[in-house]
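Hi everyone, thanks for coming. Today I'd like to walk you through one structure, so please have a look at the picture before I start talking.

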Amino acid sequence: SITRHYKFDIKLQNVTRLCHTKSIVSVNGQFPGPRIIAREGDRVVVKVVNHVQNNISLHWHGVRQLQSGWADGPAYVTQCPIPTGQTYVYNFTITGQRGTLLWHAHISWLRSTLYGPIVILPKRNVSYPFAKPYKEVPIIFGEWWNADPEAVISQALQTGAGPNVSDAYTINGLPGPLYNCSSKDTFKLKVKPGKTYLLRLINAALNDELFFSIANHSLTVVEADAIYVKPFKTATLIITPGQTTNVLLRTKSHFPNATFLMAARPYVTGLGTFDNSTTAGILEYELPSNSSILNKKKIPLFKPVLPQLNDTSFVANFTTKLRSLASAQFPANIPQTIDKKFLFTVGLGSNPCPENQTCQGPNGTKFSASMNNVSFILPSTALLQAYFFGQSNGVYTIDFPNNPPIPFNYTGTPPNNTIVSNGTKVVVLPFNTSVEVVLQDTSIGGVESHPLHLHGFNFFAVGQGFGNYDPNKDPANFNLVDPIERNTIGVPSGGWVAIRFLADNPGVWFMHCHFDVHTSWGLKMAWIVLDGPLPNQKLPPPPSDLPKC
Ligand code: C2O
């Protein structure tokens, strides 16, 4: 294994989309940002220099960060953000993972323009558990705002209303031909007949789960969140923000005399305002050189059929097909006995409107979101620093509830316990605790699924269902053999998901909804995992250039 050095200069860059030019915060002037490529076992060193007025923090989403919690990146959780003019070096090793992940800004809504792929190849001389693809192509979904996304969220937080939705979804930064004034900004994948392409799909969109499909082609899912899965074929897939999915695309054996749209649009179950537009790219076969097909203009264009916006049964069906390989070569270390069980409700709620203010949320309140009715407030210093130096006083408390404060019971109409309390509350876990968390969607404020992301770990999704989780019945149906192992999971709309992980990584680890609007509203919490007794079970001291608050 080797060390791979990157330099990320954070600077402004003019970008035009939808006939609208604006100055965006970028890495090295690129949008989407540069690709990180490494092999499993490599060390990655990224020197980030902040040349813009915004505070910056970058997160290597899904990288386990074993003993390197200082490099994880969420602002005010593992580090204070990098101020203007300063530099911070993220230094971590990629251990036991291969596949696709993503990096993105982890402060305010800067992820809207600061994101890029992380490509992790297997160790040298180790092959994929499938035939070597002819080519590999990252396909990263995002959202484009004509407005400044930072202003969009800060205004929404002030008024208590829901933020404006984006103006377009994008594929590799490009909205594509189905939007006005956008056809020249279309991602094109040129392919040869009879070949296999590995598409590394990444959802970096801020606020939407996406369906994705390519007209007249099926896709074979082979990996999710940098973990191989049992391959299966599908015409369409669902991918939540923060998730990555590798698929094999087998092209037609002969030049098909047609081009094909690939398209993505949201899966929406909520009741609020949403963007139901579609981003598209083009799959184009290279004309055979001896071709007699001369009039390229006559080549027809086929469009994929995507599921209905609220097709929850497609989503449930797709997610149950995702199974880890769980082979001798790729063992799944699913915790079979559990030291600590948690039940967390996740959902929207509201906060009373402060006096002398008018709020535009539900019934004149402020929109908020919570887990176990706690709406998490980021501190003004970093949790990890406060923990490491024993200065938790006034920063956080260790009383995050293990269970909902009011027993959760959804009976068809949303329960009334929508008022949440604000706090910076964490759960402390001794080293090597085996943990089970049941994440129960509350359906409060509109049925909506929540892509929950855990930093610092992969978890196993051992069970899921609709309605209320039943601790007496549901565990009997848990899959403890080959459940999907991942870092982000959609908590089904009006349902629950059970996850298990082993707390073997000391540090402070964020867990939150990967819809940025829900994170901003407080749908987040943090775990503190204590050091273990052995030297390699301890969190080392912070690097000397760790930014100060
Ligand atoms: Cu991809 Cu805490 O995020």
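This is a predicted model: local features need pLDDT of at least 70, side-chain atom pairs count only at pLDDT 80 or more; totals for chains, interfaces and linings use all residues.

I'll go through some strands, then a core, and then a few charged pairs.

Okay, let's begin with strand β4, which covers residues 43-50. Is it buried or exposed, would you say? Well, six of its eight residues are buried, so β4 is largely enclosed by the rest of the structure. And who are its partners? On the one hand there's strand β1, residues 3-17, which pairs with β4 in the parallel sense over eight bridges. On the other hand there's strand β6, residues 87-93, which runs antiparallel to β4 and is joined to it by seven bridges.

In β6, the one opposite Val44 is Phe92. And a bit of background for those new to strands: when a strand is regular, its side chains alternate between the two faces of the sheet.

Which residue does Arg4 form a salt bridge with? The partner is Asp42, and the N to O distance between the two side chains is 2.7 Å. Asp42 sits in the loop between β3 (36-39) and β4, while Arg4 is in strand β1, so this pair ties together parts that are 38 residues apart in sequence. Both of these residues, Asp42 and Arg4, are buried. In general, side chains of opposite charge can pair when their charged atoms come close.

How many salt bridges are there altogether? The count comes to 16. Put together, Lys188, Lys190 and Glu284 form one network, joined by salt bridges that share partners.

Lys188 is partly exposed, with a relative accessible area of 45%. Lys190 is partly exposed as well, at 45% relative accessibility.

Now for the greasy part. In soluble globular proteins, nonpolar side chains tend to be buried together. Here, the largest nonpolar core has 145 residues. Those with the most contacts inside this core are Leu58, Trp60, Leu199, Leu439 and Trp527. The strand that gives the most to the core is β18, residues 259-267, with six residues. Take Leu199 as our example: leaving aside neighbours within four places in sequence, its contacts include Val137, Ile139, Leu189, Ile214 and Leu249.

Last stop: an open sheet of five strands, with mixed pairing, in the order β25-β33-β32-β27-β30. Which strands are at the edges? They are β25 (426-429) and β30 (488-491), and each pairs on one side only. From one strand to the next, the twist averages 20°. Strand β27, residues 450-454, runs antiparallel to β30, with four bridges between them. There you can find Pro451 opposite Gly490 of β30.

Notes:
Residues are numbered from 1 along each chain as its sequence is written. Side-chain values use heavy atoms; hydrogens and water are left out. Buried means under 20% relative accessible area, exposed over 50%, partly exposed in between (1.4 Å probe, protein chains only). Helices (H or I, at least four residues) and strands (E, at least two) are DSSP runs, numbered from the N terminus. Two strands pair if DSSP finds at least two bridges between them. Axes are lines fitted to C-alpha atoms, for helices over the stretch in contact, and angles run from 0 to 180 degrees between N-to-C directions. A nonpolar core is a set of buried Ala, Val, Leu, Ile, Met, Phe, Trp, Tyr and Cys residues joined through side-chain atoms within 4.5 Å. Contact means heavy atoms within 4.5 Å. A salt bridge is a side-chain nitrogen of Lys or Arg within 4 Å of a carboxyl oxygen of Asp or Glu.
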